[in-house]
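I opened the model and kept notes as I went. The entries follow in the order I looked things up.

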Amino acid sequence: MAMIKKDVSFKLLRSAVHRVNAASPSRCHQAQRATTNATTTIVSQAPQHLTAAVAGKDGDNIFNFDDTKTLFASVPTGKLLHSAATLNVAAVEPMVDLSLWVMNSKLMDVPLLKKVVMGTIKYTAYDHFVAGGDTVETGKTVRRLWNSGVRGMLDYGVEHAVDNESCDKAAQHLIKTAESTQSLPPSSVGFVAVKVTALCPVYLLKRLSDLLRWEHKNSSFKLPWKQQTLPIFSETSPFYHTLQQPAPLNGEEEDDLELAQKRLMRVCEKAFEGNVRIVIDAEDTAIQPAIDYLTYWAAIKYNESQRPMVYGTIQAFMKDAGERITMTKIAADKMNLPAGFKIVRGAYMSSERELANSLGVESPIHDTIENTHECYNRCAAFMLDQISKRPGGLILATHNLNSASLAAKKAREYAIGKDSGKLEFASLYGMADAMTFALRNAGFPVSKYLPFGPVDQIMPYLLRRAEENKGMLSSSALDRKLMMKELKRRMKAYFTEKETQYKGRANSMAN
């Protein structure tokens, strides 16, 4: 995780925060304040919009989980059995804790033990949560999903790069990923996921974020390298990472920024050749401003008049999420730019709270999970309303049944059809399968987020996901229950068929 390094003196930083909090805040740009005022008006209306969705009890059921035969018709019995077993093990938190401890311990320095552990993971969690080791294996997964009515979002498992050499290698892998979609069935892949941390050194993202924060709070501060973008901050965004004026980018850093933009351009353009869009993932608050800057820069450059080609990500566990998505959408509309967003809940809750607590500042994360759910639903309702009226795009990445149901009902109310290309429900590969198939059966476009890569390379990704999502893994009760129900049905059907065949043969012999 790209957070502030541990060797930073938190004592000094905390002291500086208190001094800043005691001082009068700087004036922001008038244009930014005007946008914020407009945002406040719209955000204040959002709860009523959401309340209508929650209160609507018209019997319009989105999900049908009664018929497991139809629900899991596209899943072979072997795959279903493997999935049920893996999820049942993953639901035991002590088992996940033990696995994380082993993977992070010195035991992994013992070659034989490492081989045994990695082999076990390869044929259990890896096979369940990872789409393949390379583009060929992942292509097979895409085809299998496509045949079952589900699309793929390709996510090559490479993340934080440290220098230009590693960024160049990551860019080549992402270009190859985008290129691989051209040999797959048309429309079977809707998006290629991009982590900007793989294309731009993390140290530079931190520098850019500091400069962007300082510029936002100080109208006289200019960034000569900054190109046209969309609003990145609201007045409630966290600014405590940058407590004093940062030094301007030097010549080498500006060159590195240009290289990062060129890498992102090459990945985008290769994806667009296959009519595949780009979705850029979010990270932690230390570097998110730079990621948003590059995302919106690319969106302005590539989004078509009626169709967004580059999507940004909004993390609903952030207190400023509703304001930022509204501000960005308003600014995009003024530019006649179709905006695309992926809305997620977020995956850096613990580390963000720990950092804020260590500095003695308010956490940027919602105080309760209920507040996060409410924020997610408000953002989703706002964007559904927006794309029903004008060009735009929305990916609702969720494993939450209530959020998916509310959004699906709103989409039906707004007549946002499957063929509109404006809406996609998404979930991680190997999770929330029952919800995915139910949404598919109800006529909604659905995708699976498909992380892929060699087992050694993708293990850091899996470890982070396991640690950040332990509660989510244990909440897979619906999938586990329905999978077991379907396995019992298939077993009963198998033995009934065999019994019928046996009786038929017995009757033939008797005659």
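Accessible areas here are Shrake-Rupley values with a 1.4 Å probe, and for residues only the protein chains shown count as cover.

Ground rules first. This is a predicted model, where local features need pLDDT of at least 70 and side-chain atom pairs count only at pLDDT 80 or more, while totals for chains, interfaces and linings use all residues. Residues are numbered from 1 along each chain as its sequence is written, and side-chain values use heavy atoms, with hydrogens and water left out.

**Entry: overall make-up.** I count 19 helices and eight strands in the protein chain. Both are DSSP runs numbered from the N terminus: helices are H or I with at least four residues, strands are E with at least two. Of the 511 residues, 53% are buried. The cut-offs are under 20% relative accessible area for buried, over 50% for exposed, and partly exposed in between (1.4 Å probe, protein chains only). I then checked contacts with a separation of 6 or more: residues 24 or more positions apart account for 82% of them. Contact means heavy atoms within 4.5 Å.

**Entry: a buried leucine.** I picked Leu174, in helix H8 (residues 164-180). Its relative accessibility is 2%, so Leu174 counts as buried. Beyond residues up to four places away in sequence, Leu174 touches Tyr156, Ala193, Val194, Leu199 and Val267. I also looked at Lys270, 96 residues along the chain from Leu174: the C-alpha atoms of the two are separated by 9.2 Å.

**Entry: a helix pair.** Next I took H9 (residues 202-217) and H10 (residues 251-273). Their axes are 11 Å apart and the packing angle is about 105°. Axes are lines fitted to C-alpha atoms, for helices over the stretch in contact, and angles run from 0 to 180 degrees between N-to-C directions. H9 and H10 are therefore roughly perpendicular; that class covers 65 to 115 degrees. On the H9 side I find Tyr203, Leu204, Arg207 and Leu208, which meet Glu253, Asp256 and Leu257 in H10.

**Entry: salt bridges.** How many salt bridges does a search of the whole structure find? It finds 25. The criterion is a side-chain nitrogen of Lys or Arg within 4 Å of a carboxyl oxygen of Asp or Glu.

I looked at Lys342 and Asp281, with N to O at 2.8 Å. This pair links distant parts of the chain, 61 residues apart: Lys342 is in strand E5 (residues 340-344), and Asp281 is in the loop between strand E3 (277-280) and helix H11 (288-302). Both residues, Lys342 and Asp281, are buried.

Lys329 and Asp333 pair at 2.7 Å, N to O. They sit four residues apart in helix H12 (residues 321-334), so about one helical turn separates them. Lys329 is buried at 1%, while Asp333 is partly exposed at 26%.

**Entry: a surface patch.** Last, I looked up a nonpolar patch of about 900 Å² accessible area together, with Trp101, Leu107 and Leu112 among its residues. Patches take residues with over 30% relative accessible area and no salt bridge; like charges are joined within 9 Å, nonpolar side chains (Val, Leu, Ile, Met, Phe, Trp, Tyr) within 5 Å. Helices H5 (93-103) and H6 (111-129) each supply at least two of its residues. Leu112 lies in H6 and is exposed at 63%.

Notes: Parallel < 35°, antiparallel > 145°, perpendicular 65-115°, else oblique.
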